[in-house]
Amino acid sequence: MFVHIIFNFEDSSAGGGNNFLASLRDYLIDNGQYSNFIVDADVILFNSHHSIKSVLAAKKQYPHKLFIHRVDGPIRLYNNFKDKRDLIVNIVNKYISDGTIFQSDWSRENNLKMGILKNINEATIINSANSKIFYKKNKVKLNYDKKVKLIATSWSSNINKGFEIYSWLDRNLDFKRYEMTFVGNSPVNFNNICHKEVMDHHELSAELRINDIFITASKKDPCSNALIEALNCGLPAVALNDGGHPEILSQGGVLFNDSSTLLNDIDNVSKNYSNYQNNISIKSINEIGSQYYRFMNDIYKDNKKNKYSPKKINYLSLLMIRSKVLRYKL
């Protein structure tokens, strides 16, 4: 079974979805399971609301191929309730998707609450990072004679990526004991936190490894690739108790609910650093890629045994997609 991913891949400084799908594509290529051409693929994987015109064109040209949908969001929770992208996700999932992959149980539950219909084939598969790039540093304990180094990262400048908390830390963190770096795009200016511009994968992984503790305060984040990358580099984390963070973090750090406990939580991880670092547990891209392939292959085998038939585009569904999806400019 060969897979093709319909996605407009960008360079290595793009967002989390781009980075994960690039790693997944590399995994499939390495295992001889990827086709660069749709015509030679058995299964088409597409992502959220992206490249829907290309997805629809492929569905019309190859109606007997299987289409698998990797779902994000709900985006309205992360952005605002006027955002139309969830509507697009819901419609194409209903009419095109033969299987749906959610990035976390939190995302699955909240997408169902907000209107996505259950698919006959569904799975929750968490994201992963490219371990050839994001790999663990050797340090197992902190040098308390020096400042403990905190780091946060975000490609997106959306305020809900945690910037209210980062601004609060900029004002309230004890910078005699700690130093903090933010890497990425920020809508706010920092006075004490060192702001570094967006980095490519290799630069970012090196930057993570020279720091000690990762901080993430992103809200309604279904499966934070930034958190996964930091844990892969061996950094225990202090993460907002929201979205998919608890499913990713497990025992590899501490969850916080608001700023009232944040400083104590950072101190806790600092004082018990080795314990939290040793409890980091992140699945490799090989494990996650294998889960993706097995999920798609099970549907493919059911199709071959005539136990499942790909969804068909008819006049009414095509009209719905054109009227509700293709008219939106994203």
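Buried means under 20% relative accessible area. By that cut-off, strand 2 (residues 43-47) is mostly covered, with 5 of its 5 residues buried. The model described here is predicted.

Strand 2 has both faces covered. Val43, Leu45 and Asn47 sit on one side, Ile44 and Phe46 on the other, and all are buried.

Strand 2 pairs with strand 1 and with strand 3. The table sets out both pairings.

| Pair | Direction | Bridges | A bridge pair |
|---|---|---|---|
| strand 1 (residues 3-6) and strand 2 | parallel | 4 bridges | Ile5 and Leu45 |
| strand 2 and strand 3 (residues 66-71) | parallel | 5 bridges | Phe46 and His69 |

In soluble globular proteins, nonpolar side chains tend to be buried together. The largest nonpolar core here has 28 residues. Leu150, Tyr166, Leu169, Met180, Ile215 and Ile266 touch the most other members. Several elements give two or more residues to this core, including strand 6 (148-154), strand 7 (178-184) and helix 10 (259-271). Which element gives the most? Helix 6 does, with 5 residues.

Tyr166 has contacts beyond its sequence neighbours. Leaving out residues up to four places away in sequence, Tyr166 touches, among others, Ala152, Met180, Phe182, Phe190, Ile193 and Ile215. Lys161 and Thr216 are also among its contacts.

Conventions. Residues are numbered from 1 along each chain as its sequence is written. This is a predicted model: local features need pLDDT of at least 70, side-chain atom pairs count only at pLDDT 80 or more; totals for chains, interfaces and linings use all residues. Side-chain values use heavy atoms; hydrogens and water are left out. A nonpolar core is a set of buried Ala, Val, Leu, Ile, Met, Phe, Trp, Tyr and Cys residues joined through side-chain atoms within 4.5 Å. Buried means under 20% relative accessible area, exposed over 50%, partly exposed in between (1.4 Å probe, protein chains only). Contact means heavy atoms within 4.5 Å. Two strands pair if DSSP finds at least two bridges between them.
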